[in-house]
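Reader: I am new to this structure and would like a close look at one part of it. Please pick a single residue, say where it sits and what it touches, and then go on to other parts worth a look.

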Amino acid sequence: IRQTDNISDLENMVAEAAKEGANYIQTPEMTGILERDPAVLQAALRPQEDDPVFAACAELARCHGVWLHLGSTAVGLQTERAANRGALFATDGRLVAIYDKIHMFDVSVDEDNRWQESKRYKPGDRAVVADMGGFGLGMSICYDLRFPQLYRKMAKSGAAILSCPAAFTVPTGKAHWEILLRARAIENGAFMVAAAQGGTHEDGRKTWGRSIVVGPWGEIVASLDHDEPGVLCCDIDLDEVDKARAAIPNLANERKFAISKAD
């Protein structure tokens with residue numbers, strides 16, 4: 001039932017964004033189901049070819065003629081663990097890229113936020129830069145945000161837009177969400193687009209929300225200031241990426257180095 005409801009909300013919100021003129025639409029991490037109960041999650045899992053969220057996204061991309069970035073959903077594998085998998089669909093509904101979350105959220109923030117994502121999800125091992133008709137989209141998910149080397153490699157591989165669909169916890173979101181996104185954008189002279197789950201979920205967890213788009217100079221282009229469902233639309237000028245990288249050419253200036261430990 002939860003996944004069916006989420007797909008219905010997805011359809012309505014994608015339609016709203018497309019009506020406002022969006023040609024690239026990103027959804028949050030775990031668009032299909034956000035669930036901490038292993039039994040409930042396992043019952044909802046389907047392999048990618050049978051997953052209803054993947055099917056809905058393909059149809060929505062085709063129907064509205066948009067690039068649709070499924071931030072992620074839980075996909076069944078032929079193992080005891082699932083994949084936390086993002087995907088990009090072209091304007092004709094073709095699946096053009098998939099990305100499995102690399103960094104697992106194995107943390108203990110406080111008594112209410114203790115997670116062992118690696119027990120339920122198999123980590124990915126490959127970064128992805130998808131071609132969106134002449135520019136690169138770097139794909140990541142949530143906890144990946146704390147690993148700047150991932151974004152640096154994607155930027156140096158042609159990503160002008162970096163993405164981080166997420167379901168940040170409230171304490172980490174309040175402390176780190178905006179500052180980390182702005183840092184990744186500045187470090188790489190790239191746009192950062194981050195759709196985020198927010199509010200209190202059916203399984204009891206709370207997420208920070210506050211979806212945001214950051215420009216390559218670190219400026220906030222657009223943001224939601226709440227944790228309620230919402231559609232955030234804005235225009236971005238990819239020429240700003242070239243300008244930022246010309247002004248601060250740190251991608252080109254990067255040098256290899258050795259490290260030694262002093263006695």
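Author: Leu232 is in the loop that runs between strand S14 (220-223) and helix H6 (239-247). Helices (H or I, at least four residues) and strands (E, at least two) are DSSP runs, numbered from the N terminus. The model is a predicted one, in which local features need pLDDT of at least 70 and side-chain atom pairs count only at pLDDT 80 or more, while totals for chains, interfaces and linings use all residues. Residues are numbered from 1 along each chain as its sequence is written, and side-chain values use heavy atoms, with hydrogens and water left out.

Is Leu232 buried or exposed, or something in between? Its relative accessibility is 29%, so Leu232 counts as partly exposed. The cut-offs are under 20% relative accessible area for buried and over 50% for exposed, with partly exposed in between (1.4 Å probe, protein chains only). With neighbours within four places in sequence set aside, Leu232 is in contact (heavy atoms within 4.5 Å) with Ser211, Ile212, Val213, Ala222, Ser223 and Leu224. Leu232 and Ala17 lie 215 residues apart in sequence, yet their C-alpha atoms are 7.8 Å apart in space.

Another loop holds Arg210, between strand S12 (206-208) and strand S13 (212-214). Arg210 is also partly exposed, because its relative accessibility is 26%. Its phi is near 60°, a positive value in a residue other than glycine. Most residues other than glycine have a negative phi. The charged end of Arg210 sits over the ring of Trp208, 3.7 Å from the ring centre. A charge sits over a ring if NZ of Lys or CZ of Arg is within 6 Å of the ring centre and within 35 degrees of the ring normal.

Met30 has a positive phi as well, near 50°, and is not a glycine. Its place is the loop between strand S1 (24-26) and helix H2 (38-44). Met30 counts as buried, because its relative accessibility is 4%.

Gln3 belongs to helix H1 (residues 2-19). A relative accessible area of 12% is why Gln3 is buried. Beyond its neighbours within four places in sequence, Gln3 is in contact with Gly32, Ile33, Ala44, Pro52, Val53 and Thr73. Phe257, in the segment after helix H7 (250-253), is exposed, with a relative accessible area of 72%.

Helix H5 can be followed along its length. The 19 residues of H5 (residues 170-188) should span 27 Å at 1.5 Å a residue, and the end C-alpha atoms are 26 Å apart, which agrees. The expected span is 1.5 Å times one less than the number of residues. H5 bends by about 50° at His176, the bend being the angle between axes fitted to the seven residues ending there and the seven starting there. Buried residues of H5 include Trp177, Leu180, Leu181 and Arg184. An α-helix has 3.6 residues a turn, so residues three or four places apart point the same way. After H5 comes Gly189, with a positive phi near 55°.

Helix H4 (residues 148-156) also has buried residues, namely Leu150, Tyr151, Arg152, Met154 and Ala155. Gly158 follows H4 and has a positive phi near 110°.

Next come the aromatic rings. Rings of Phe, Tyr and Trp (its six-membered ring) pair if their centres lie within 6.5 Å; planes under 30 degrees apart count as stacked, over 60 as edge-to-face and the rest as tilted. By this rule there are four aromatic pairs. One of them joins Phe54 and Phe89 edge-to-face, at 5.9 Å centre to centre and 70° between the planes. Phe54 is in helix H3 (residues 52-64) and Phe89 in strand S3 (residues 83-89), so this pair ties together parts 35 residues apart in sequence. Both Phe54 and Phe89 are buried. Tyr143 and Phe147 also pair edge-to-face, at 5.3 Å and 85°. Tyr143 is buried at 17% relative accessible area, whereas Phe147 is partly exposed at 22%. Ring pairs link Phe105, Tyr143 and Phe147 into a cluster.

The cysteines come last. A disulfide is a pair of cysteine sulfur atoms within 2.5 Å, and a search of the whole structure finds zero of them. Cys142 is in no disulfide, and its nearest cysteine sulfur, that of Cys164, is 6.2 Å away. That distance is too far for a bond. Cys142 counts as buried at 8% relative accessibility, and Cys164 counts as buried at 0%.
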